[in-house]
Amino acid sequence: QVQLIQTGGGLAQTGGSLTLSCVTSGLTFSRTCMGWFKGGEGVAHIFSASGEIYYADSVKVRFTISRDFAKNTLYLQMNNLKPEDTGKYYCEVSGTQHGADVDCHRNTAIYSYWGQGTQVTVSS
C-alpha cells in the first residue's frame, strides 16, 4: 500500500522559516520524480536519481527541496517566507522509475501519488 504522510507546516511570520516533510512507503524511491505543489502548481521538483532540481521563480533562492534515501523522505525547507507563500502544500511522487531524460517539472501527468496536504500560513 502506497502512503505519503506529510508533516510540518503551520503558521509563520513574514521572513520566517518552515520545513515540510513527506515520508513515503510502498513505492520506489529510486529514479523517480518527486515534488511539492501548491494550488495545483509545481513549487519544486527533484529527480531522485540525479538530484536534478527545478524551482518555480517565486521560490528560487528561498526554498530548498531535498530527499533522504535512507528515510524515504522528501523535504521542503522554506526560508524568508512571504504572505503569498500561504496555501496548502502537497508532496507528490510519480512512483515510476524514469530514464535520465525525464522532465519532472513539465510532465505533471506522471505524478500518481500525493500526500494529505499541509497548510502553510504566512502572516504579514
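Which residue meets R62 in a salt bridge? Hold that thought for a moment, and hello, everyone.

A quick word on the ground rules. This is a predicted model, where local features need pLDDT of at least 70 and side-chain atom pairs count only at pLDDT 80 or more, while totals for chains, interfaces and linings use all residues. Residues are numbered from 1 along each chain as its sequence is written, and side-chain values use heavy atoms, with hydrogens and water left out.

Back to the opening question. The partner of R62 is D85, and their side chains meet in a salt bridge at 2.7 Å, N to O. By salt bridge I mean a side-chain nitrogen of Lys or Arg within 4 Å of a carboxyl oxygen of Asp or Glu. D85 sits in the loop between strand 8 (73–78) and strand 9 (87–93), and R62 in the loop between strand 6 (53–55) and strand 7 (63–68), so this pair ties together parts that are 23 residues apart in sequence. Strands here are DSSP runs of E with at least two residues, numbered from the N terminus. Both D85 and R62 are buried; that word stands for under 20% relative accessible area, with exposed for over 50% and partly exposed for in between, using a 1.4 Å probe and protein chains only.

The salt-bridge rule gives a count of 3. In another of these bridges, D57 and K60 come together at 3.1 Å, N to O. D57 counts as exposed because its relative accessibility is 62%, while K60, at 42%, counts as partly exposed. Then there is D103 with R106, whose closest N and O atoms are 3.2 Å apart. Here D103 is partly exposed at 30% relative accessibility, and R106 is exposed at 67%.

Let's turn to a sheet. In what order do its 4 strands run? The order is 1-3-8-7, in an open sheet with antiparallel pairing. Strands count as paired if DSSP finds at least two bridges between them. Strand 1 (3–8) and strand 7 stand at the edges with a single partner strand each, so one side of each is left without a neighbour in the sheet. On average, neighbouring strands of this sheet are turned by 15 degrees against each other, direction ignored; the axes are lines fitted to C-alpha atoms, and angles between N-to-C directions run from 0 to 180 degrees. Strand 3, residues 18–25, pairs with strand 8 over 6 bridges in the antiparallel sense. If you want to find one on screen, look for T19, whose bridge partner in strand 8 is Q77.

Next stop, a histidine. H98 lies in the loop between strand 9 and strand 10 (113–114). Is H98 buried or exposed? It is buried, because its relative accessible area is 15%. Its side chain makes a polar contact of 2.9 Å with the side chain of S94, where a polar contact is a pair of N or O atoms within 3.5 Å, one able to donate a hydrogen and the other to accept it, and sequence-adjacent residues count only if both atoms are side-chain atoms. The H98 side chain also reaches the backbone oxygen of T96 at 3.3 Å. Leaving aside neighbours within four places in sequence, H98 is in contact (heavy atoms within 4.5 Å) with R31, T32, C33, F47 and I110.

Last, the aromatic rings. Searching the whole structure turns up 1 aromatic pair. The rings of F37 and Y111 have centres 5.3 Å apart and planes at 75 degrees, so the pair is edge-to-face. For reference, rings of Phe, Tyr and Trp (its six-membered ring) pair with centres within 6.5 Å; planes under 30 degrees apart are stacked, over 60 edge-to-face, and the rest tilted. F37 belongs to strand 4 (residues 33–38) and Y111 to the loop between strand 9 and strand 10, 74 residues apart. Both F37 and Y111 are buried.
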